[in-house]
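This report walks through selected parts of one structure, residue by residue and element by element. Keep the 3D view open while reading.

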Amino acid sequence: MIWNTVESASREAIEAIQLKRLQETARRVYALNPFYKEKFEERGITPEDIRSLEDLQRLPFTRKQDLRNHYPFGLFCVPMSEVVRIHSSSGTTGKPTVVGYNAHDMEVWNEVMARVYTMSGVGAEDVVHNAYGYGLFTGGLGFHYGAEKVGATVVPASGGFTDRQLMLMRDFGATVLACTPSFALHLAEVAAKAGSEFRKDYKLKVGIFGAEPTSEGLKKEVAKAWGIEYREVYGLSEIIGPGVSCSCSHSDRLHLFEDHFLPEIIDPETGEVLPEGERGELVITTLSKQALPIIRYRTGDITSLVKEPCGCGRTMVRMESIVGRADDMLIVNGVNVYPSQVEHVIANAEGVTLNYQIIAEKKGHLDKLEIMVEVSEEIMTDNVGELERIRKEIQASLLNNLYINADVKLVEPNTIERSMGKAVRVVDKRR
């Protein structure tokens, strides 16, 4: 099923919508926000110069630091009397980025999340167990109101309290699980240890997972553990929250709702726009937001875009699952490494789980990389020879595939601390 017919519109119709909305957005930020007016003038352009989609490249980039520099409300384009919701990031690397929504923006958010749910086969007969965090984080409330939009029943469980989450999922008959993939795997581990019979005790049919880069191996493990279909959702608070794109049953790529979000792929070093299909940094311009419209926002997320239609009938551009982030990429002795690439290697190894942590340190002038990986319950931890074979195989695979020398350390099950939200995959002690 398709929620909105625009999702299957012709390329010509989609681009006509995009151009009209891009021009409206350019006029809006130029007239209502001094920051953007100054940026436009620095480039010697006005909104009237935007006559085609190609002219998007003439507009300035926006970075996360720009939102922090104008903390809290300096980039808003409506008076606070019109703002009905405020969210913000965690602010772990400085001041938080603050985002605001007026009533129109909330309708847009609910609309794109309704598309996510419909794409995932979710409707009025379903019970959505929402284990994304509520509060300033956009995940919980974004998923909540989208579910209500399609008529589903919502259980606002939020994060943490694993045993209670499992009880609610079981007793309330949840058919949909919404949370981070790492937390979904953690829930499955705890349920299995408690002796749950997944098919008998739970009614889950689909999971909608996001908020962290995820390898194919982890996706398959989550889907297998719960016996459900895996849907991947992508979003970020600066753009709207969850609901920028989502995968369907026909493709691992995510359908990006480009009537609301205009995407580009650029070279993260040069800023040059890359051809279709090439991997680079995702840049998004909001096309329908009013309170906080954003021009050419550099997401830091590494992906690629293709335009060919999907077997599901949708015609909007599809994005690759996020490979990693430009700002969490590790440079180890001159080699670029993304955590998801390491995860892919681990996923193909026998006898280990996808609970791992990467620790980067300095040894003299050289980088030292240690990767802790939990062994599976089935492996005998006292079989030293077998453990050493597995360790060496992972180490060799990292070298052969990623060109990195890493000290792989196998640890017992449940040794690595679990996360109730995004998994902490990297500890960089060099900083």
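Arg425 counts as buried, because its relative accessibility is 15% and the cut-off for buried is under 20%. The model is predicted, so this value, like the others here, is computed from predicted coordinates. Arg425 sits in the loop between strand 20 (407–411) and strand 21 (426–428). What is Arg425 in contact with, leaving aside neighbours within four places in sequence? The list is Ser182, Leu218, Glu343, Leu354, Asn355, Tyr356, Gln357 and Ile358.

Lys368 is a second residue to look at. It lies in strand 19 (residues 366–375). Lys368 is partly exposed, with a relative accessible area of 34%. Not counting residues up to four places away in sequence, Lys368 touches Ile359, Ala360, Glu361 and Lys363. Lys368 and Gly140 are 228 residues apart in sequence, and their C-alpha atoms lie 38 Å apart in space.

**Helices 7 and 9**

Leu218, one of the contacts of Arg425, belongs to the helix 9 side of a helix pair. The axes of helix 7 (residues 181–193) and helix 9 (residues 216–226) come within 10 Å and cross at roughly 35°. The crossing is left-handed. Helix 7 contributes Pro181, Ala184, Leu185, Leu187, Ala188 and Ala191 to the contact, and helix 9 contributes Leu218, Glu221, Val222, Ala225 and Trp226. By type, the contact residues divide into 10 nonpolar, no polar and 1 charged.

Which residues of helix 9 are buried? They are Gly217, Leu218, Lys219, Val222, Ala223 and Trp226. Gly227 follows helix 9 and has a positive phi, near 70°.

**Helix 2**

Phe35, Tyr36 and Phe40 are buried in helix 2 (residues 34–42). They cover an arc of only 130° around the axis, so they lie on the same side of helix 2. The buried residues of helix 2 pack against helix 1 (11–32) and helix 3 (64–69). Pro34 and Glu42 are exposed, on the face of helix 2 turned away from its buried side.

An open sheet of 9 strands runs in the order 4-3-5-6-7-8-9-14-13, with mixed pairing. Strand 4 and strand 13 (305–306) are the edge strands, and each pairs on one side only. Helix 4 (residues 103–119) packs on the sheet and touches strand 3, strand 6, strand 7, strand 8 (241–247) and strand 9 (254–256). The direction of helix 4 makes about 30° with that of strand 8. Helix 5 (residues 138–149) also packs on the sheet, touching strand 3, strand 4, strand 5 (176–179), strand 6, strand 7 and strand 8. Its direction makes about 65° with that of strand 8.

| Strand pair | Sense | Bridges |
|---|---|---|
| Strand 3 and strand 4 | parallel | 3 bridges |
| Strand 6 and strand 7 | parallel | 4 bridges |
| Strand 7 and strand 8 | antiparallel | 4 bridges |
| Strand 8 and strand 9 | antiparallel | 3 bridges |

Individual partners can be picked out in the view. Val128 stands opposite Val154 in strand 4. Phe209 stands opposite Glu232 in strand 7. Leu236 stands opposite Gly241 in strand 8. The bridge partner of Ser247 is Leu254 in strand 9.

Two links are hairpins. Strand 7 and strand 8 form a hairpin with 4 residues between them. Strand 8 and strand 9 are joined by a hairpin through 6 residues.

How many residues of strand 8 are buried? The count is 7 of its 7 residues. Strand 3 (residues 127–130) is covered on both faces. Val127 and His129 are buried on one side, and Val128 and Asn130 are buried on the other.

Another open sheet has 4 strands in the order 10-11-12-15, with antiparallel pairing. Its edge strands are strand 10 (261–266) and strand 15 (324–325), each pairing on one side only. Strand 10 pairs with strand 11 (residues 280–286) in the antiparallel sense over 6 bridges. Glu264 has Val283 of strand 11 as its bridge partner.

Note on methods. Residues are numbered from 1 along each chain as its sequence is written. This is a predicted model: local features need pLDDT of at least 70, side-chain atom pairs count only at pLDDT 80 or more; totals for chains, interfaces and linings use all residues. Side-chain values use heavy atoms; hydrogens and water are left out. Axes are lines fitted to C-alpha atoms, for helices over the stretch in contact, and angles run from 0 to 180 degrees between N-to-C directions. A crossing is left-handed if the near helix is turned anticlockwise from the far one by less than a right angle, and right-handed if clockwise. Contact means heavy atoms within 4.5 Å. Ala, Val, Leu, Ile, Met, Phe, Trp, Tyr, Cys and Pro count as nonpolar, Asp, Glu, Lys and Arg as charged, and the others, Gly among them, as polar. Two strands pair if DSSP finds at least two bridges between them. Buried means under 20% relative accessible area, exposed over 50%, partly exposed in between (1.4 Å probe, protein chains only). The arc is that of the directions from the helix axis to the C-beta atoms.
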